[in-house]
Amino acid sequence: MRFALLSLCLALPLLADSPLDEHNRRIRESAGVLDEIMNAGDKSIPRDLLEKAQCVGIVPNLKRAGFIVGGQYGKGVLTCRVRDAASGWSAPSTIRVEGGSFGLQIGAGETDLVFIVMNQSGMNRLMKDKFTVGGDATVMAGPVGRSTDAKTDAALKAEILAYSRAHGVFAGVSLEGSTLRADNDDNTKIYGKDVTQEAILHGHVKSTVEAKPLFEELNKWAAYKHD
C-alpha cells in the first residue's frame with residue numbers, strides 16, 4: 001500500500017501538463033472561442049473589421065474577480081499576418097493579460113477575451129515586452145454585429161479593439177489599466193530556443209503543427225482585405 005502511494009506521488013509531477021501541452025490546449029480553446037463568437041450573428045465581431053485586422057489575440061478563460069473594482073489574469077495566444085507564410089499568419093505567441101478592470105462587476109468568474117489589432121501602430125505596441133492599456137496603447141471596446149461601417153470612430157482611431165464574453169453575453173470591453181506582455185519563458189519552451197515576441201510575430205519562428213486549427217479558423221473569418 002505504501003509503495004503504491006509512493007509511486008503515485010512520484011508519478012504526479014509527470015502527469016502535469018508541459019508548457020507545450022498547455023499551449024496546444026490553449027490553441028484548441030482559442031479556435032473554439034473564435035468559432036463560437038463569429039457564429040453568434042448580430043452579437044459577433046463585425047467581419048469587415050476582422051478582415052482588416054493586422055493581428056488577433058485570444059485569451060480563453062480569463063480569470064476575473066472583485067467587488068466593484070475588478071481584476072483579471074489569463075494566458076492566451078497572439079498571432080499576426082505574415083504574407084509569405086503558408087498559413088498567412090505568424091506562429092502564435094503566448095501572452096499574459098494581468099490587472100485592470102472590466103468595469104462594474106460583482107463576484108468572480110471566467111471570461112473569454114478577444115482583441116484585434118487594427119493598424120501598424122497597434123502592432124508596434126505588441127513588440128514591446130509589456131504595455132499598459134490606456135497608458136501605452138489606445139484600446140477601445142469594439143462594436144458588435146455582422147458588419148459595421150469601416151469609417152466608424154472605432155475603426156479609424158483605435159489601435160486595438162477588444163471584446164469579452166462571459167455567461168453567454170458578448171460585448172466590447174475597454175480593458176482599461178490591464179497590462180499585456182509576452183510569456184517569454186513559455187515561448188522558449190514551446191519553440192525550443194530563446195525567442196522574442198517580435199521575432200515570432202514577424203514570422204521568423206516556425207509554428208507548431210498543432211497551431212493549424214487556429215489558422216483555419218482565422219482564415220475562415222478573417223481572410224485579408226485591403227482598404
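Phe131 has Leu180 as its bridge partner in strand E9. This structure is a predicted model, in which local features need pLDDT of at least 70, side-chain atom pairs count only at pLDDT 80 or more, and totals for chains, interfaces and linings use all residues. Residues are numbered from 1 along each chain as its sequence is written, and side-chain values use heavy atoms, with hydrogens and water left out.

**Strands**

Eight helices and nine strands make up the chain's elements. Both are DSSP runs, numbered from the N terminus: helices (H or I) have at least four residues, strands (E) at least two. Two strands pair if DSSP finds at least two bridges between them. E9 pairs with E3 and with E5. Glu98 has Thr179 as its bridge partner in E9.

| Pair | Sense | Bridges |
|---|---|---|
| E3 (residues 93-98) and E9 (residues 179-182) | antiparallel | four bridges |
| E5 (residues 130-132) and E9 | antiparallel | three bridges |

**The whole chain**

Of the chain's 227 residues, 47% are buried. Buried means under 20% relative accessible area, exposed over 50%, and partly exposed in between (1.4 Å probe, protein chains only). The chain exposes about 11,300 Å², and carbon and sulfur atoms supply 54% of that area. Areas come from the Shrake-Rupley method with a 1.4 Å probe. A contact means heavy atoms within 4.5 Å. Among contacts with a separation of 6 or more, 74% join residues 24 or more positions apart.

Helix H6 spans residues 184-191, and its buried residues are Asp186, Asn187, Ile190 and Tyr191. Seen down the axis of H6, these fall within an arc of 110 degrees, so they line one face of the helix. The arc is that of the directions from the helix axis to the C-beta atoms. Asp185 and Lys189 are exposed on the face turned away from the buried side. Gly192 follows H6 and has a positive phi, near 75 degrees.

Thr208 lies in the loop between helix H7 (197-201) and H8. Is Thr208 buried or exposed? Its relative accessibility is 16%, so Thr208 counts as buried. Beyond four places in sequence, Thr208 contacts Ile190 and Tyr191, as well as Leu20, His23 and Asn24.

**Confidence**

pLDDT is the predictor's confidence in each residue, from 0 to 100. The chain's mean is 79, and 75% of its residues reach 70 or more.
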